[in-house]
Amino acid sequence: PEWTDYEKRIQYQTYDVTASIHDGDNVLGAMLGDGWYLGRLGPTRWAKDYPRRGVYGLHRRLLARLDVELADGSVQSIVSDGEWKCNPDGPIRQADNFLGETFDARKIVPGWDAPGFDDTAWAAVTAEPLDAVLLEAQMNEPIRVIREMPAQSVAEPTPGVYIFDLGQNMPGWCRIRIQGEAGQEIMVRHGEMLNLNGTLYTENLAAAVQEDRYILAGMGEEVFEPHFTYHGFRYVEVTGLKTKPDTSMVTGCVVCSDTRRTGTLECSNPMLNKLVENILWTQRSNMHSVPTDCPQRDERMGWMGDAQVFGQSAIFNTDMAAFFTKWMQDIRDAQAKDGSFPDIAPHAYDPDVRFKNAPGWADAGVFVPWRLYQNYGDTRVLKEHLEAAKRYIEC
């Protein structure tokens, strides 16, 4: 579920799985990652204890319910509980938005998600109460792969180090097709620029290393696509190969909140058209359930100053009604006791203490809902947000 203040509000996502249900036995399973809940969060430039891990908690959790509507109209529900099992030694060895993902294909468990699998050796789970956290259906568009970018070229600046150019700075990850020996480790590093000698430039990433590792099972052609991380990049460095690759090995997957395109601008000036295209790419790179400031370095926070300045342009480009309405709730959840709005939302660092009430940043709590009303004529967001805005103005 996408980023909210998990101590106050958790969004749930729903899927129609009718086509996946078959006669006889069926299996319901899940793979869990760290995400924003457990993974690293926050910039390192202002405090030595950032980025922090486990801001909201230190245990991966799952709440799942399968509703089956029977022929007579009755509904049967299967809910995750203490009888479920988990595999603590699966192929995903590490997964973090800043650090990347490590996947050991030798640890793939064939058939774990199919009927008849013997899970007696798997570990028991711990069932815990949900406490007072509010569950809400996710209102904003989900994060999806919205397009694919084939590599445009591949170079070898130093022996055994291959640099793929995707031709566009983008948010997301790569799909890698590879053959090799069991135990062979492939390192995939991501960056936005190259050094003058053609090697990958990563100095601007700070504590976000953006490295994915894949350990081969040695079973013919294998395909690696990360599950629980994303990067900001144009260039991809691949090492650990035994043979020289071609461009077909790497495909970039552009990943962001899937808002519908609504506005376009085209004129006779190619430079201006390119600028418009750059603006849209910047927006896509900074829409991952919240409007972030960057997709690459150890930050990726919902800085409100950025959204306040860019809000109208974002609304022109794509349908931001649901995205920003969800984010207004994040802002209210992070409002300080004195009424001041935060500088970032969601706020993981106690809004009563830091990162709050900066001119231009906190003002987004007034400007953005007004932009929503101006563009969409939706008075509901004003009604929901009015008291919070009044508290801010009074502060």
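These notebook entries record what I looked up in one predicted model.

**Entry 1. Ground rules.** I worked with a predicted model, in which local features need pLDDT of at least 70 and side-chain atom pairs count only at pLDDT 80 or more, while totals for chains, interfaces and linings use all residues. Residues are numbered from 1 along each chain as its sequence is written, and side-chain values use heavy atoms, with hydrogens and water left out.

**Entry 2. Salt bridges.** I noted that side chains of opposite charge can pair when their charged atoms come close. I took a salt bridge to be a side-chain nitrogen of Lys or Arg within 4 Å of a carboxyl oxygen of Asp or Glu. By this rule I found 28 salt bridges.

I looked up Asp-333 and Arg-9, whose side chains form a salt bridge at 2.8 Å, N to O. Asp-333 belongs to helix α4 and Arg-9 to strand β1, 324 residues apart, so I recorded a link between distant parts of the chain. Helices (H or I, at least four residues) and strands (E, at least two) are DSSP runs numbered from the N terminus. For burial I used relative accessible area: buried is under 20%, exposed over 50%, and partly exposed in between, with a 1.4 Å probe and protein chains only. Asp-333 is buried at 7%, and Arg-9 is buried at 10%.

Next I took Arg-213 and Glu-185, which form a salt bridge with their closest N and O atoms 3.3 Å apart. Arg-213 lies in strand β15 (residues 211-215) and Glu-185 in strand β12 (residues 185-191), so the pair ties together parts 28 residues apart in sequence. Arg-213 is partly exposed at 26%, and Glu-185 is partly exposed at 38%.

I then found a salt bridge between Asp-319 and Arg-260 (3.6 Å, N to O). I also recorded that salt bridges with shared partners join Glu-185, Arg-189, Glu-211, Arg-213 and Glu-237 into one network.

**Entry 3. Helices α4 and α6.** I noted that two packed helices are described by the angle between their axes and the distance between the axes. Axes are lines fitted to C-alpha atoms, for helices over the stretch in contact, and angles run from 0 to 180 degrees between N-to-C directions. The axes of α4 (residues 321-333) and α6 (residues 380-394) come within 11 Å and cross at roughly 15 degrees. I therefore recorded α4 as roughly parallel to α6, since roughly parallel covers angles under 35 degrees.

How values were computed. Angles under 35 degrees count as roughly parallel, over 145 as roughly antiparallel, 65 to 115 as roughly perpendicular and the rest as oblique.
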